[in-house]
Amino acid sequence: MYVMKNNKRKDIIMLAFACDYMEGAHEKILQRLSETNYEKAPGYGNDIYCESAKEKIRRACECPEADIYFLAGGTQTNAVVIDTMLRKYQGVVAARTGHVNVHEAGAIEYTGHKVLTVPSHEGKLMAGELEEFLRTFWNDGSHEHMVFPGMVYLSHPTEYGTLYSKEELLEIARICREFQIPLYLDGARLGYGLMSRKTDVTLPDLARICDVFYIGGTKVGALCGEAVVFTKNNTPEYFLTMVKQHGAMLAKGRLLGIQFDALFTDGLYYELGAHAIEMAERLREGLVKKGYPFFLDSPTNQQFIVLPDAEIARLQKDVYLDLWDKVDADHTVVRFATSWATAKEDVDALLGLL
């Protein structure tokens, strides 16, 4: 950040905890991009690096039959996957706080599909309420005049940094099978979920449980890009064509392949996730010692506390932070997000300001 004073630029050092994609990319990714920069490679993902990355992801998922595609970003990925897997008269079921319902500018509705919401419990939807929602729809004699629920959407971690347990995911998947609709998991921050000390969910678990999910790169060390994984030989027909129609394809597909190839070499993806969790735990311990009230218990890289608005105004002079929910007239929930690049010194500096 900088300001202009007397027609001269003056740099201001700001602490950055507003989100987990404020940095560029991990140096190993930048190194591989630089090393391969002058190589000639086919476009649209038909290159050796995309193929290598796909094989590494298949091995990591323990899913040799997985069909994998690299897309430009998270919103595009959600829009493409949901649009291509739904029929024209169907919508996608999500928690009321789900990313596709709240923070994607109506991208799903723009494709012609409604987001159908169920109650949110600290960011999660509950299997029992999902089942009740689906049964109520099908038992309604006028359901042909309504938007059909055609898919269930989850994010893991959720918008509130919370996680589904393996048991919860299995129960949701069971309900999806009963009603013959696919289960889709948004993994924009998946690396942070997988490395949480309070999770019992692994990448192979997700490959077995979900019909489709994506592995987020943008928020976990890459410059950009997400890896979509279809796990049940269920890739929509001409999916690649639809990716291009939605504007989610890079002509220089190698740029995504190289990044994911680096992320899934020598456990880098997990290493970056673990670092963010370590920094979040350091921040959490400091916040607890200072007596700040937590809005909820998040075991991932997003920490939510309640602050007086006056203190927020003071902090914003030195810290990029994210305002979440309004608690009352004088207090607001603030989110502090650590990332793969967060330094211990920055965490300690933030605690020093509080």
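Here is a chat about a predicted protein model.

Visitor: Hi! How many helices and strands does the protein have?
Guide: Welcome! This is a predicted model, and the protein in it has 14 helices and 14 strands.

Visitor: What is its radius of gyration, and what does the globule rule give?
Guide: The radius of gyration is 21 Å, close to the 20 Å from the globule rule for 354 residues, so the protein is as compact as a globular protein of that length. Along the principal axes, its C-alpha atoms fill a box of roughly 65 × 55 × 40 Å.

Visitor: What share of the residues is buried?
Guide: Buried residues account for 53% of the 354. As for the surface, the protein exposes about 16,400 Å², with carbon and sulfur atoms supplying 51% of that area.

Visitor: And the contacts, what share joins residues at least 24 apart?
Guide: If you take contacts between residues at least 6 apart in sequence, 72% of them join residues at least 24 apart.

Visitor: What about charges, how many side chains are positive and how many negative?
Guide: There are 38 positive and 49 negative side chains, and the centres of the two sets lie 5 Å apart.

Visitor: Let's look at strands. Is β14 mostly covered or uncovered?
Guide: Strand β14, residues 331-337, is mostly covered, with six of its seven residues buried.

Visitor: Which strands does β14 pair with?
Guide: One is β11, residues 302-308, which runs antiparallel to β14 over seven bridges. Another is β13, residues 322-328, also antiparallel to β14, over four bridges. With two residues between them, β13 and β14 form a hairpin.

Visitor: Which residues are bridge partners there?
Guide: Gln-303 has Phe-336 in β14 as its bridge partner, and Leu-323 has Val-334 in β14.

Visitor: Okay, now β4. Why is it called largely enclosed?
Guide: Because four of the five residues of β4 (residues 67-71) are buried, the strand is largely enclosed by the rest of the structure. β4 pairs with β10, residues 226-230, in the antiparallel sense over five bridges. Asp-67, for example, has Phe-230 in β10 as its bridge partner.

Visitor: What is Lys-56 in contact with?
Guide: Setting aside neighbours within four places in sequence, Lys-56 is in contact with Asp-261, Phe-264 and Thr-265.

Visitor: Where does Ser-165 lie?
Guide: Ser-165 is in the loop between β7 (148-155) and α7 (166-178). Ser-165 is partly exposed, at 24% relative accessible area. Apart from neighbours within four places in sequence, Ser-165 is in contact with Asp-200 and Val-201.

Visitor: And how far apart are Ser-165 and Ala-79?
Guide: They are 86 residues apart in sequence and 26 Å apart in space, C-alpha to C-alpha.

Visitor: Which residues other than glycine have a positive phi?
Guide: Among them is Tyr-44, with a phi of about 60°. Tyr-44 is in the loop between α1 (27-35) and α2, and counts as partly exposed at 41% relative accessibility. Glu-62 is another, with phi near 55°.

Visitor: Is Glu-62 buried or exposed?
Guide: Glu-62 is exposed, with a relative accessible area of 57%. You'll find Glu-62 in the loop between α2 and β4.

How values were computed
Residues are numbered from 1 along each chain as its sequence is written. This is a predicted model: local features need pLDDT of at least 70, side-chain atom pairs count only at pLDDT 80 or more; totals for chains, interfaces and linings use all residues. Side-chain values use heavy atoms; hydrogens and water are left out. The radius of gyration is taken over C-alpha atoms; the globule rule is 2.2 Å times the number of residues to the power 0.38. Buried means under 20% relative accessible area, exposed over 50%, partly exposed in between (1.4 Å probe, protein chains only). Contact means heavy atoms within 4.5 Å. Accessible areas come from the Shrake-Rupley method with a 1.4 Å probe; for residues, only the protein chains shown count as cover. Lys and Arg count as positive and Asp and Glu as negative; His and the chain ends are not counted. The place of a charge is taken as NZ of Lys, CZ of Arg, CG of Asp or CD of Glu. Two strands pair if DSSP finds at least two bridges between them.
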